[in-house]
Amino acid sequence: MVESIVSTGLAIGCIYALIGITYNVMFSASRVFSFTAGTLGMLGGVLGSLFIARMGMPAAVGFFLALAGGAVLGIVTEIVAVRPVLRSLDQHLYVLSTLALALIIQQFTAIEWSTEPQPFPRLFAIARGGFDQQFWLPMLACAAVIVGLELLYRHTLIGRAFLAIAEDTYAARALGLPERSLRMTSYALAGVIGALAGFAGGEMLLAFFANAPLLTFYGFVPVALGGMGNNRGAVVAGLLLGLFQQTANFLVGGIFASVAVFTVFIIVLLARPEGLAGAALQRRV
Amino acid sequence: MSMTRRQALASAGAAAIAGGLAKPAIAAKDPISVGYLPALTGPSSSTGVGINRGIQLAVQEINAAGGIGGRQIELITRDTQSDPTKAVNGAAELTHGQKVSVVFGPVNSGESLAVVPLLARTNTPQVHPCWVDSLTDPQKYPMCFRNAPTNQQIGGAANRYVVEVLKRKKVAVISDTTGYGTASVNAYVPMLRAKGAEVVYQGNVDAANPDLKPELLRMQSAGAEAIMPWSVNAGFLSRIINTRGDMGWDVPIVGQTTLGSGQTKALLEKPEYWAKVYPNNFRPVCYAPGGKLSDRTSAFLDRLKSAKIDMGDTLLWWIALGYDSPRLIAEAMKAVGTEPEQIVGYLNKLKGFPGVYGDISFAPDRHDGYPDNEIVMVEANSLKDGAFNLAPGYSA
Amino acid sequence: MDTPAAQLRPSRPNVLGSASTFSAALPFLALLVVGVAFPLFGGGYWGVIATRACVYWVLVSGLNLVVGFAGQIAIGWVALLTLGAYTTSVLTAGTVTPALPPYLALAIAAAVGAIFGLIIGLPALRLRTFYFAITTLGFATIVTQVALAWQSVTGGGVGVAGPIFPEPFSSQWGFYYFCFGLAAICTWMTANVAASRFGRALTAIRDAEVAAEASGIAKPALLGAVFMFSGAVAAVAGGLFAALQSYITPDAFTLDLSILFFIAILIGGRGSILGPLLGTILLTVLPEFAAPLVAWSTFLYAVLLLVIVLAIPGGIAEILDFKNRRPIESDRAIIPRPDLIERLLGAPPDAGALTLEQVALSFGGVHAIDGLDLEIRPGQVHGLIGPNGSGKTTTLNVISGYYAQQYGAVRLNGAALPVFARHRRAHMRIARTFQTPRIVGSASVLQNVMIGGTIDGEGTFVESLLSLPRHRRDEVMLRDTAMLALAAVGLERLAAVRADRLQHSELRFTEIARALMLRPAFLLLDEPAAGLSAEEIGRLGALLLAIARAGTGVLLVEHHADLIFDICHHVTVLNLGRMLAAGTPAEIRSHREVVNAYLGG
């Protein structure tokens, strides 16, 4: 019982954490949150199932193509839904534009792909049971992303450029950093991470268009609790969320579990709007 | 692939013109409009998609054979998208706007609950295949008929199998959170207790929940000897079957027909997991103990093959039900015409309509047309050419 | 008793004449006529659609105040539809309580809706935009889950029968008229709010929150009222929805509905009543035109939303805004009339001086203000100058309550001013302008100025909803005062023009007019001359002197040394957060250190 809760909880927590990181990477590049993060997760699973199960490609090719699809969607988000509204004074338009884009993709997937969950292929031909690949794949993906981002930010020039843009856009621009291409690349990177989350979690969540609103919400909770732009906080919060959700599932059943998760989320958020690890906002007057 | 309104209109229009050109002195015969409210898209569309294949085939055959008294059937389809709001809009359009003679559908209980009162107010005869018990009421809704079994009948058959044939006394009953699922659990638990069984687990779980292991572990620790799932959601059902297999837990799964659908099969982790899964089904479309199908069913399967209708991802009985329904309506109209009261009067006296899926009979005080004794349990993994073998130990 | 503003009325043409009110009402009257006559030409099917549109509009009209006017991104409002539908149905069914008559059940649902509207909306006061949007989505899911789980009351997945309203509303057209009537009432009420100080205050919170606070607008109380109203009408819409459906199950309350409501407002245009009304009708009716559209309806809505956001953020309302496409004269000059100031400001206030005593404030390691003493006396213009980063704006922000000093005190007439209570400053008649003009771009200049007088209105929110006499008196008073203020600053010819069409200098004077609405005892100006031409600066100076002569104490933070030396009675020079020198302009001009640090040779 406990091992089931722990393995499922950690695995699904890693998926939520990865979506949280997707939100964060987009936020770092543009100071906006995008509703498309959850949709990217959904597409990772759907594209994986489409390429490998339905079109019969080898798993590695399907994997690569699914990630590429995520990158493309990330770039599309930046061009269509974020860049045009960053210019305007009314910054809140980004909520609407990214929401619209996310809905467009979700509805299109529902109608063209399927309204029912479709099977996701088994990636490694290992027998089931015990610590199954559907559990350790998301964990592996999460660990890989964290390590990868660490290396990127600390040891590569482009990574440090990303950090610069996140810290202070004006200063970065004054230093001559190409803000626009860096932002676009950040969004592509976020797209890859989101698609990876959905792909790694495909066996658990199946290829289902309705994963998008699910991941949009549950993937945001780590961001809200861990602090905006704080990837480490997102991972910790994501894992805790996964464990809490599975425990609640076991103790009180599915329906009340989501009520429980949401109530705790709201209470924590109202108590500390900047997140458990975030810094309070200053407002320019 | 459903026939859109435009296509239906076009074919009806062509027929009308052809009639007019051939005999200019006689007025062209108007098509008979039959309203149709399937859920072809949306979360609960698997039933609708299956039924739709049968419906389209039947309408084509009837029209090719000359229609009803020379008049073609025009099927006016409004996809409800599994949404009761759109079902109500669609029903309003069919009755007020298109002025159909009869409505078939909706096929999902949640939508029917909203549409049945509306159709009653507009005096439109309705035939639907939904299972929730309260969806027929000869006093309140005198024009509404059900050509499918009720929840009571289905549950009764399944409960009988678990308690009397498999002799399991401790039962776990689980469903998703749709109207159909909740109604089923609420109805079946008292029925099981009345039979002397002990319901050790009873739950409604969100179908989107990726992990049902906590639920099955709870069932196991409560001592369940059989699992009875009630849902039309293939993802949900497959997760139950898969989790049972992963746990290596040897208990029978007895329940909803969708346990045996091609969609469910596609989502199984291992084909062996499909053993000891016993869904409801209907005797006319199953293999008799000798391994043969009834003549009517064999002929129907041949017709499906020649029309190239796919069965692999759905259930045969859905297609058969869809096939029988327009024929039932057409019989009524051939006999008494298209006036609502006449149709209702005919249906109230209908005895033994020979459907592929079952023989339908109605009475003025009984609008549930499916006979008790044709509901059987089958073995899921005996699926061959769309039909199943009867479950072991199952007789009568 | 003639107010100073009223004396002015005969000699000024009524800029926003009765003709424009009629042309504004015309589309509504047209819709009213079409709606009343609808049964004559629409069949039973379109009757169902029309009834549905009316029901949706009842909800959207209230949500419009939240989303369109207050600018809160409340996406999950279907939660209140669900609550209202179930409350009404369960109360009339008599399964849990004795069966209640439908009207009473509807009224109780409205009360429940008001409470929950408040609960769902209150996080908006603490959370950032995106966070709040996500929480409303979460609420929508929660309510549906509870409806599923609480089987004993809601029937769980099986649902409950909807209410049936008694004669004459039980027939199809009878029920249509019932819903139409409620929709018309909601239109009227929300239009009243839009044209009231509350509606203007909401748009100020949305687009210029900082200025709203400076004008004394208390965000929590106002948003609370709006959320309650919106929740109540949404719940009423829920009861009507349940009656229309005859039977409700949780799966009828889809997220798609929430999206429809939300998008209808944005397609219609924020800050408008007509726009979202047309948007709701459009989105309800659109999928019915072709059967394939039904499946793609949400996709279409989302595409429309994206197009609107990227191309026409003002929505349908912007397209229909013919008035603001007329060109305004290009060689406009701002010619204030200082002689009107005395009439505008009335008798000199009794206030003592506004003093800062040893005020200090640091940001991290930076000493923004480091032990500052300042005294602003009524009737005098006090200049505050210094290099960039010397703490001028920070001082102003401390006085107006946006920052809290860490040491020292800010006193008005001896009594210490509460820290961080920036919206209380207006009640103490302390007004200010901002370094970058904070205005509501989509509102007219007149409406922007009227925002400044919000706290002088006496009518309550409910009185505005119902257009009761006190609300109408407030409107007349505010309008007249605002016109007088605009005349005083020289902008009365632009009163009806949308504010975002104005030039930068005109916006600065608009802000001053808005500040003057408070009849301030103290007026704090943050670099008002920035971006003004030399002529305009001269006129500004004359205006400020007139304001001081009328008894107001003026604090002028400025870079333009000429303006400072021309009009100030006292000047304080800041450097690195400390007072470098203080005295009359003559003294300061020749002060050696000031010349070295700031003025130059």
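**Figure 1. C:Ser467 counts as partly exposed, because 17 C-beta neighbours lie inside 10 Å.** The model shown here and in the other views is a predicted one. A residue is called buried if 20 or more other C-beta atoms lie within 10 Å of its own, and exposed if 12 or fewer do. C:Ser467 is placed in the loop between helix 19 (461-465) and helix 20 (469-489) of chain C. Although C:Ser467 is not a glycine, its phi is positive, at about 55 degrees. Most residues other than glycine have a negative phi.

**Figure 2. B:Lys276 is a non-glycine residue with a positive phi of about 55 degrees.** The loop that holds B:Lys276 runs between helix 9 (262-266) and strand 10 (277-282) of chain B. Is B:Lys276 buried, exposed or partly exposed? Because 19 other C-beta atoms lie within 10 Å, B:Lys276 is partly exposed.

**Figure 3. Strand 10 of chain B is mostly covered, with six of its six residues buried.** Strand 9 (residues 253-255) of chain B pairs with strand 10 of chain B in the parallel sense, over three bridges. Opposite B:Gly255 stands B:Pro279 in strand 10 of chain B. Strand 10 of chain B also runs antiparallel to strand 13 (residues 375-384) of chain B, and three bridges join the two. B:Asn281 has B:Val376, in strand 13 of chain B, as its bridge partner.

**Figure 4. Two cis peptide bonds are shown, one in chain B and one in chain C.** In chain B, the bond between B:Gly105 and B:Pro106 is cis, with omega at about -5 degrees. B:Pro106 sits in the loop between strand 3 (102-104) and helix 4 of chain B. In chain C, a cis bond leads from C:Glu167 to C:Pro168, and omega is near 0 degrees. The loop between strand 1 (160-161) and helix 8 (172-194) of chain C contains C:Pro168. Most peptide bonds are trans.

**Figure 5. Helix 9 (residues 197-207) of chain C is largely enclosed by the rest of the structure, because eleven of its eleven residues are buried.** Among the buried residues of helix 9 of chain C are C:Arg197, C:Phe198, C:Leu202, C:Ile205 and C:Asp207. For chain C as a whole, 57% of the 601 residues count as buried. The secondary structure of chain C comprises 25 helices and twelve strands. The C-alpha trace of chain C spans about 85 × 55 × 45 Å along its principal axes. A compact globule of 601 residues would have a radius of gyration near 25 Å; chain C has 28 Å, which agrees. Of the contacts in chain C with a separation of 6 or more, 77% are between residues 24 or more positions apart.

**Figure 6. Chain A and chain C touch through 30 residues of chain A and 36 residues of chain C.** On the side of chain A that touches chain C, at least two residues each come from helix 3 (59-87), helix 4 (93-112), helix 10 (211-226) and helix 12 of chain A. Which helix gives the largest share of this side? Helix 4 of chain A does, with eleven residues. The side of chain A that touches chain C has 26 nonpolar and four polar residues, and no charged ones.

**Figure 7. Chain A also meets chain B, with 20 residues of chain A in contact with 23 residues of chain B.** Two or more residues of the chain A side come from each of helix 1 (2-30), helix 9 (202-205), helix 11 (231-252) and helix 12 (254-271) of chain A. By class, this side of chain A has eleven nonpolar, seven polar and two charged residues.

**Figure 8. Chain B is divided into domain 1 (5-151 + 299-372) and domain 2 (152-288 + 375-390).** The C-alpha centres of the two domains of chain B are 30 Å apart. Across the boundary, 26 residues of domain 1 of chain B are in contact with 25 residues of domain 2 of chain B. Helix 2 (46-64), helix 4 (109-121) and helix 11 (316-336) of chain B are the elements that give two or more residues to the domain 1 side. That side has 13 nonpolar, ten polar and three charged residues.

**Figure 9. Residues 1-27 of chain B have a pLDDT under 50.** The model has 24 contacts beyond four places in sequence for this stretch. Where pLDDT is low, the predicted coordinates should not be read in detail. Chain B averages a pLDDT of 86, and 92% of its residues score at least 70.

Note on methods. Residues are numbered from 1 along each chain as its sequence is written. Chains are lettered from A and ligands numbered from 1 in the order in which they are written. This is a predicted model: local features need pLDDT of at least 70, side-chain atom pairs count only at pLDDT 80 or more; totals for chains, interfaces and linings use all residues. Two residues are in contact if their C-beta atoms, placed from the backbone, lie within 7 Å. Helices (H or I, at least four residues) and strands (E, at least two) are DSSP runs, numbered from the N terminus. Ala, Val, Leu, Ile, Met, Phe, Trp, Tyr, Cys and Pro count as nonpolar, Asp, Glu, Lys and Arg as charged, and the others, Gly among them, as polar. Domain bounds come from an automatic or database domain assignment. The radius of gyration is taken over C-alpha atoms; the globule rule is 2.2 Å times the number of residues to the power 0.38. pLDDT is the predictor's confidence in each residue, from 0 to 100. Two strands pair if DSSP finds at least two bridges between them.
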